[in-house]
Amino acid sequence: MKQTKQLTAIIEREGDGYVSLCPELDIASQGRTIEEARDNLVEALELFFETAAPSEIQERLHTEVFVTRLEVSLG
């Protein structure tokens, strides 16, 4: 049975496309659409888990990531 893991994806527009980032592992990808950027990030993460040594995964994995909105003063 294949294991799965829940990770965070942050996707933002950059120029004519989108950049996707997984902050838990600091792995990024990109795509022309939001869906493509997401799918490419999933592929990059799966390749990382297939090829990385357990020690590298443990070293890079941030187990607590919080995504929130901030309000800041301008000027």
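## The largest pocket

Let's start with the open space: the largest pocket holds about 690 Å³. A pocket here is an open set of points on a 1 Å grid over the protein atoms alone, where a 1.4 Å probe fits and protein lies on both sides within 12 Å along at least five of seven lines. The volume is the space filled by probe spheres set on the points, which are joined across faces, edges and corners.

Of the 16 residues lining this pocket, T4, K5, L7, V42 and E46 sit closest to its centre; a lining residue has an atom within 4 Å of a point. Helix α1 supplies the largest share of the lining, seven residues. By type, the lining splits into seven nonpolar, four polar and five charged residues. Asp, Glu, Lys and Arg count as charged, Ala, Val, Leu, Ile, Met, Phe, Trp, Tyr, Cys and Pro as nonpolar, and the others, Gly among them, as polar.

## What the model is

This is a predicted model, where local features need pLDDT of at least 70, side-chain atom pairs need 80 or more, and totals for chains, interfaces and linings use all residues. Residues are numbered from 1 along each chain as its sequence is written, and side-chain values use heavy atoms, without hydrogens and water.

## The sheet

Now for the strands (DSSP E runs of at least two residues, numbered from the N terminus). Three of them form an open sheet in the order β1-β2-β3, with antiparallel pairing; pairing takes at least two DSSP bridges. Strands β1 (10-14) and β3 (27-31) are the edges, each pairing on one side only.

Strand β2 (residues 17-22) joins β3 through five bridges, and Y18 has G31 in β3 as its bridge partner.

Conventions: Helices (H or I, at least four residues) and strands (E, at least two) are DSSP runs, numbered from the N terminus.
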